[in-house]
Amino acid sequence: MINIEKSLACLRCGNALLPKETYEYCSECLLGFKMEVEELDPKLLKEKLVEILDGFTSDVRAAFQKDPAANSLVEVLTSYPGVHAILIHRVAHFFLKLGLPFVPRYLSHIARQNSGIDIHPGAKIGHDFFIDHGSGTVIGETSEIGNNVTLYQGVTLGGTSLERMKRHPTLGNNVVVGAGAKLLGPIKIGDNVKIGANSVVTKDVPPNSVVVGVPGRIVARNGKRIPKIDLFHGDLPDPLIEIIKKLEARITELEHQREDLSHK
């Protein structure tokens, strides 16, 4: 049995622990209801609200630009789980920045129940963001996502550490992540990157690259800008297939050489 020496003060807020409190944190911190909301400048509050509205407007626009199945504004607003999830996230992120306890996580929980998309309120997400279908998508607390990023269903931006530090991926601008791909750890994905479906990426990816496989391999860096509307996340080269084709060609060449020698 592990014997943990009791702290004299809460490890989070520093307040003295009561004799009956046997944990490392006081009851207020454990419950998460301790208010730390500072007085807001009305001008700053207005700017933040406008930022939420602008972000949501760009997200709806991105749905029309990136999904040919989008037929009307009513359809997108009522039937697109990715749009619902990002709207709730932008509000939850705003409340988190205010220091409001409990509410941001509860909002993200509601979004997850309604859309199947789990976005931590601490994640930072830019404009023109789109999650297609979205079921099973997970975006961790310290994730940072640039502008014009598209994620498909089952994508995970996950962490690899239990410490309170930067532990989730950072995505640049104009990035497409295919269905089922897993990006793990505090890695950096450059601008104009395409990551193939079901790839597992655990290392940094430079700009203008195409990554596929498990573990993820860079298979193209042509320096060409990725188009604004990009749905071809499945039309990517497979490095294993290319290696097998080269081996087949080499075996065929050796067989021909053996036949030539046998005839001589």
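Guide: Contact here means heavy atoms within 4.5 Å. With that in hand, among contacts in the protein chain between residues at least 6 apart in sequence, 37% join residues at least 24 apart. Please keep in mind that this is a predicted model.

Visitor: OK, how many helices and strands does the protein chain have?

Guide: Its secondary structure comes to six helices and 15 strands. The protein chain has 264 residues, of which 39% count as buried, and its accessible surface comes to about 16,000 Å², with 57% of that belonging to carbon and sulfur atoms.

Visitor: Which residues touch the most other members of the largest nonpolar core?

Guide: Those are L183 and I189, in a core of 26 residues.

Visitor: Switching to charges, how many salt bridges does the count come to?

Guide: The count comes to six. One of them joins the side chains of R90 and D59, at 2.8 Å from N to O. R90 lies in helix α4 (residues 81-98) and D59 in helix α2 (residues 42-66), so this pair ties together parts that are 31 residues apart in sequence.

Visitor: And are R90 and D59 buried or exposed?

Guide: R90 is buried, and D59 is buried as well. Helix α2 also holds R61, whose side chain meets that of D128 in a salt bridge at 3.2 Å, N to O. Because R61 sits in helix α2 while D128 sits in the loop between β2 and β3, the pair ties together parts that are 67 residues apart in sequence.

Visitor: How do R61 and D128 compare in relative accessible area?

Guide: R61 is partly exposed, with a value of 41%, whereas D128 is buried, with a value of 10%.

Visitor: Then what is the peptide bond from V214 to P215 like?

Guide: That bond is cis, with omega near -5 degrees, and P215 lies in the loop between β14 (210-212) and β15 (217-220).

Visitor: What about the surface, which residues form a nonpolar patch there?

Guide: F64, L73 and L77 form one, with about 250 Å² of accessible area together. L73 is found in helix α3 (residues 73-79), and at 47% relative accessibility it counts as partly exposed, because that class runs between 20% and 50%.

Visitor: Last one: what does the side chain of S108 reach?

Guide: It reaches the backbone oxygen of R105, at 2.7 Å. S108 is found in helix α5 (residues 103-115) and is buried, with a relative accessible area of 8%; leaving aside its neighbours within four places in sequence, S108 is in contact with I119 and P121.

Key:
Residues numbered from 1 in each chain as written. Predicted model: local features only at pLDDT ≥ 70, side-chain atom pairs only at ≥ 80, totals over all residues. Heavy atoms only, no water. Patch = residues over 30% accessible without salt bridge, like charges linked within 9 Å, V, L, I, M, F, W, Y side chains within 5 Å. Areas by Shrake-Rupley, 256 points an atom, 1.4 Å probe, with all protein chains shown as cover. Salt bridge = Lys/Arg side-chain N within 4 Å of Asp/Glu carboxyl O. Helix = DSSP H or I, 4+ residues; strand = E, 2+ residues; numbered from the N terminus. Buried < 20%, exposed > 50% of the residue type's maximum accessible area, 1.4 Å probe, protein only. Core = buried A, V, L, I, M, F, W, Y, C linked by side-chain atoms within 4.5 Å. Polar contact = N/O pair within 3.5 Å; in protein donor to acceptor, adjacent residues only side chain to side chain.
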